[in-house]
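Hi everyone, thanks for coming.

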Amino acid sequence: MKQLGVAKENMYMDKASRKDIDRPQYQVLRVTIKEGDLIYMDDLDRLGRSYEDVIDEWKYIIRKLGADIVITSNAELFDNRKFKSMDDIGKLLEDQFLSMLAYVAEQEQTTPGGRDHNS
C-alpha cells in the first residue's frame with residue numbers, strides 16, 4: 001500500500017481472518033468511506049467470503065457511497081473506474097466479472113485446500 005501512496009493513517013488491517021465482514025478494522029474503514037474516495041484492497045475476499053457479502057459490499061461502496069475500489073491482486077479486471085467510463089455496458093461487464101470472482105472467493109473458503117479451510 002505504501003508503494004501506491006496510501007498514507008499510514010489511511011491503512012486498515014485486520015490481523016484475524018473471519019468469514020464475514022464483521023472485522024473491526026474493516027468496519028472502521030466502512031464508516032469512513034465517502035464519495036470520491038479510492039479504496040485499495042489486496043484481494044476481493046477482503047469484502048467478504050460469501051458470494052452475497054462480496055457483491056453487496058462492492059455495490060454498497062461503489063454505487064451507494066460513490067467511492068472507487070481497486071483490487072491490487074487483479075487490478076486489470078478490478079479497478080471499477082475502468083468500468084465507469086463505459087456507461088451501461090461497463091456496469092454489465094463489472095457485474096459479470098464481480099460475480100465470477102466472488103464465486104471463486106467463496107469456493108476458496110469452503111473447498112478443501114482453500115486458504116481458510118483449516119483456520
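Before the tour, one term: on a 1 Å grid over the protein atoms alone, a pocket is an open set of points where a 1.4 Å probe fits, with protein on both sides within 12 Å along at least five of seven lines, and its lining residues have an atom within 4 Å of a point. A volume is the space filled by probe spheres set on the points, which are joined across faces, edges and corners. Please keep in mind that this is a predicted model, where local features need pLDDT of at least 70, side-chain atom pairs count only at pLDDT 80 or more, and totals for chains, interfaces and linings use all residues. Residues are numbered from 1 along each chain as its sequence is written, and side-chain values use heavy atoms, leaving out hydrogens and water.

Now, the second largest pocket holds about 170 Å³ of space. Twelve residues line this pocket, and Asp43, Leu44, Asp45, Ser73 and Leu101 are the closest to its centre. Which element gives the most to this lining? That is H4, with four residues; helices here are DSSP runs of H or I with at least four residues, and strands are E runs of at least two, numbered from the N terminus.

Next, the largest pocket, with a volume of about 660 Å³. Its lining has 20 residues, with Asn10, Met11, Tyr12, Leu29 and Tyr40 nearest the centre. Helix H1 (24–32) and strand E1 (38–41) are the elements that each give two or more residues to that lining.

Last stop: Met86, in the loop between helix H3 (80–84) and helix H4 (87–110).
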